[in-house]
Each structure stands twice: as structure tokens, then as C-alpha cells.
Amino acid sequence: MALPPAPAPAPSYGHLTSTEAIAGFIFVKIPVGRRHDEADPLHRREDTIDQMLRAQGLGLVVGWGDSLGERRPDGQRPAAYIRIDINATDVQATRSALRALLPTLGAPAGTEIHYTLAGHSLQDIARETGWQLEQAMQPLQNRPHP
């Protein structure tokens, strides 16, 4: 009697299996200074964050980019913040590691870590006096009602 075929390996997302990757999604929102005409050093930080997450087995960076701010009178919309998307294996441990790492990378007050706990969208916010944890998300302004 032949043995049944071995199950296919779980899909891999970087060094994470699909089971690990779906444990939680986090995104970091880092404000950009007023002058964005120079190369922004924050774009080098995604690699540092990714390396830390992988080294600690906490997840990996899956995307990043600039988000546009309000339109200026000249019609331009400069970047308002940088967003870094993370697949986390442990949301709580990843939040803690990010709160320790981000200030060392020069992330300013106003930096936010967005995540979901028990079905609630929450954020940790860096303030001049330290991190405010598990803050409820504020409703979006100027959003059309359904």
C-alpha cells in the first residue's frame, strides 16, 4: 500500500509561513517634516525595521511608501507621512519592539503604530512625553457618509 502524498508546504511570505503571517497586521505612520525637497532619511529605515523584526522572529515589512498631504495653493500635494506595513507574528511583542526602535531611528513625536486588538482599531502614538498606548482611532474628517 502506497503512502499518501506529503502535504504541500505552507506558502511562505519572506521567512514567515502563512500561519505566522496572518497573526496580525500593523502599520507605522511616520510624519514627514515640512521640507520634503531633500532625500528623506526615513526611507532607509524600512530595512532597519525589517531586519529587527526578522531577527526577533516578530514578522517582516511587506510594504512602504509616502502618503500625500493636503493640496497647497500651488496645487502640489507634498508627502505628509511615510507608511510602513508589517505582517506580525505577535502584535503585542511587535508593538513593544517598534516603540523601542522607532525613537532610535529619529521618528518624531506624532509617529503612530496602528493595529487591531479584539476587533478594535487602535494606535500607539509617540508624544514628546512618551508613548500613549491603545488609543482609539479618531473618525476620519471630510469623509462622505454612506
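Visitor: What share of the contacts with a separation of 6 or more comes from residues 24 or more positions apart?

Guide: They account for 55% of those contacts in the chain. Contact means heavy atoms within 4.5 Å. The model is predicted, so local features need pLDDT of at least 70 and side-chain atom pairs pLDDT 80 or more, while totals for chains, interfaces and linings use all residues. Residues are numbered from 1 along each chain as its sequence is written, and side-chain values use heavy atoms, without hydrogens and water.

Visitor: What makes a stretch a helix or a strand?

Guide: Both are DSSP runs, numbered from the N terminus: helices are H or I with at least four residues, strands are E with at least two. The chain has 3 helices and 8 strands. Their pattern along the sequence is β-β-α-β-α-β-β-α-β-β-β.

Visitor: Why are strand 6 and strand 7 called paired?

Guide: Pairing takes at least two bridges found by DSSP. Strand 6 (residues 112-117) and strand 7 (residues 120-127) share 6 bridges, so they pair. They run antiparallel. Glu112 stands opposite Ile125 in strand 7. The two strands form a hairpin with 2 residues between them. Ala118 in that turn has a positive phi of about 50 degrees.

Visitor: How do you know that strand 7 pairs with strand 8?

Guide: They have 5 bridges, and the rule asks for at least two, so they pair. The sense is antiparallel, and strand 8 covers residues 130-136. Leu122 has Ala136 in strand 8 as its bridge partner. A hairpin through 2 residues joins strand 7 to strand 8.
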